[in-house]
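Please open the structure in the viewer and keep the selection tool at hand. The tour has two stops.

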Amino acid sequence: MHCGDLVGVHARSGPRLALVTGIQGSKASLLIGFEAKSERLPLRDLEPIHPLPAGCSEAGSLGASPWRLSPEALQAAVPSRRDLAAAWLLLEGQDEWIELAELVSLLSPQDDPLHRAACWLALQDQDLFRCKQGRSQRRALADLHQLRRERRHGALQHQRHQAWIALLRRRQPLGRAGLGVEQNAQLQALLELAASPHGSSAGDPGLSPPLRVLLQELSCPPQLAEIRRLLADLGLWDRHQLRCLAGTAWSTGFDPALEAEAAALAARAEEVWPGDEARLDLTEQRSVTIDDADTREVDDALALERDSEGRLWIWIHVADPDRLVAAGSPLDLEARRRASSLYLAAGSVPMFPVALAEGPMSLTQGRRCAAWSVAVRLEADGAIAERRVQRSWIRPIYRLSYGDADELIEYAPPQDDDLERLHGLLLTRRRWREARGALLMDQPEGRFRRVDDRAELEVVEPSASRLMVAEAMILAGAVVAELGRERDLALPFRSQPTCELPPAAELDALPPGPVRHAALRKGLSRGLTSPQVAPHFSLGLEAYVQATSPIRRYGDLLTQRQLLALLSGTPPLGAEELGLELEALEPALRQGIQISREDQRHWQQVWFAEHRRDRWDGLVLRWLRPQDGLALVRLDALAMDLVVVVRESCGPGDGVQVSVQEADPDGDVLRLVGHRSARQP
């Protein structure tokens, strides 16, 4: 090959004619096409068509001497498909490779640069001959049939692929039943990526090359958030599904056999069970339950009673699920596996099947219910003067919402003033704890509820009835803990180590309320659960046990079983045995807390995405990472403490106006920004 030769090259736009203008080593400089575009290509990529005629100087373009080619002349000189077929027939039985010039002699009336170039171009778009390095070989008939079958198959595949891409681009719900194996495999791979609980929402999610190409064809960025949006549009992905819930104890509901067992036990609830004869009959007592309006697992009730000497007794009744579900039974083992009910924005996932949890286990208005009852008489200062713990029968006369109970406390009707008196007694008890170091940090708390596919904000105020019920539950836990300590009974004692709080002068300098509460919470240690008795710092108690939610917390059920063993004279679990039970519960408890937090975070993102144009007044509580501008900010309107990016200099108690910079539930992203405002506490 020499300078000035006419050659063929395969460019991105297809087969092109070119002139060699120089050769250096293994590469040639070229002028490609009639536009004479300069390019350097390896010599192995060039197919010789016609050498520069002897005595001719190097041409500057295809249209110049000696070539004098034009697109019109080439088009007129290109052999027809009939001519190619005739040449193929003439060469039957010849399997050797032939030069371009020999094939031109069969296809064209003369052999010159024009007809060689036209013949080379025609050979690039046909099936009858193989072409390589300027030479050709006749294909056998069998090879030709195979090639054409492959071509047809490829064309059909391309057609199906284009139809598939068009279907996906519509982003309309589709059913997977009618799809092919490859299409279902692609969707399944995308679904597995989207469901990854640890995937990065913004970074590269580790796509395989075929999936990356597919997303490019769909103009879908290769990010998890975008993949989830695509799948949601296709009706294959629930934007609000909890990825962290998959594979957990709460993800699949109860086994049908357990549901059947629960239904059978519920049907037998009115029968006489072992120990029923020893229960104290308190069905004439005016006990009431107080809960949120949507609560279905009702596991505590309150009553006030005056004894023969005119002294007031506080009664705290707690559901007794152990009456129907024996330790070690399949239902008990499933409850142990779950460790607690799970609370989500869409509602709760119970620890026991609904047939029991919302049926005979619950303390239902107007029905005789099995319970554990704690009776307490207080001293004038709120200390415990007398106490009793026993199994009982109760019949709640009312089911009250917190709003109903607040009205009864406020108005204290003469014919029904028990709640107002209970509130006063438990307020005294609360002051007694406060005098012993209890930290009272009551403030409104916001949470999100799922309503269809929307997020609704619910603000829970620390009303009189809520504080009363909470204090009653703490009192019951203190009574049970003291009983356990006195009788050397192993219980799931809840404790909190002594904490080093900020100095009083430092706290007094902070605005009261959320800012001061944030400073106190920063210094608190994590609570611990152990069979060993230890003080609970923030409750101001020497001993405490969670004992009032046995339908919803397995640890509370263990407490009841330990009490039953003590009162019935059977051997309770020792500290080591109980410690192993508590250790077995810990992973599920931690998992449940994490799932609830992630669920709330998701619906928080949904809510802020729906309110991205709003602005909220905030109060800086404390810095989290000053170097990154991250602060904990209280939004009073939402009753929430949230992480906000604040670039300006400010300190605890300063006002900021908070807005949404980014809220993307699909990408698990929420970024709030705050700017100094004139607001002061």
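Angles under 35 degrees count as roughly parallel, over 145 as roughly antiparallel, 65 to 115 as roughly perpendicular and the rest as oblique. The model is predicted, so local features need pLDDT of at least 70 and side-chain atom pairs count only at pLDDT 80 or more, while totals for chains, interfaces and linings use all residues. Residues are numbered from 1 along each chain as its sequence is written, and side-chain values use heavy atoms, with hydrogens and water left out.

**First stop: two helices**

Select residues 81-90, helix α2, and residues 100-107, helix α3. Helices (H or I, at least four residues) and strands (E, at least two) are DSSP runs, numbered from the N terminus. The two helices pack at an angle of about 115 degrees, with their axes 9 Å apart; axes are lines fitted to C-alpha atoms over the stretch in contact, and angles run from 0 to 180 degrees between N-to-C directions. α2 and α3 are therefore roughly perpendicular to each other.

Next, display the side chains of D83, L84, A87 and L90 in α2, which meet L103, L106 and L107 in α3 (contact means heavy atoms within 4.5 Å). This contact has six nonpolar, no polar and one charged residues (Ala, Val, Leu, Ile, Met, Phe, Trp, Tyr, Cys and Pro count as nonpolar, Asp, Glu, Lys and Arg as charged, and the others, Gly among them, as polar).

**Second stop: a lining**

Now select β24 (640-646). This strand gives six residues, the largest share, to the lining of the second largest pocket. By class, that lining has 13 nonpolar, five polar and nine charged residues. A pocket is an open set of points on a 1 Å grid over the protein atoms alone, where a 1.4 Å probe fits, with protein on both sides within 12 Å along at least five of seven lines; lining residues have an atom within 4 Å of a point.
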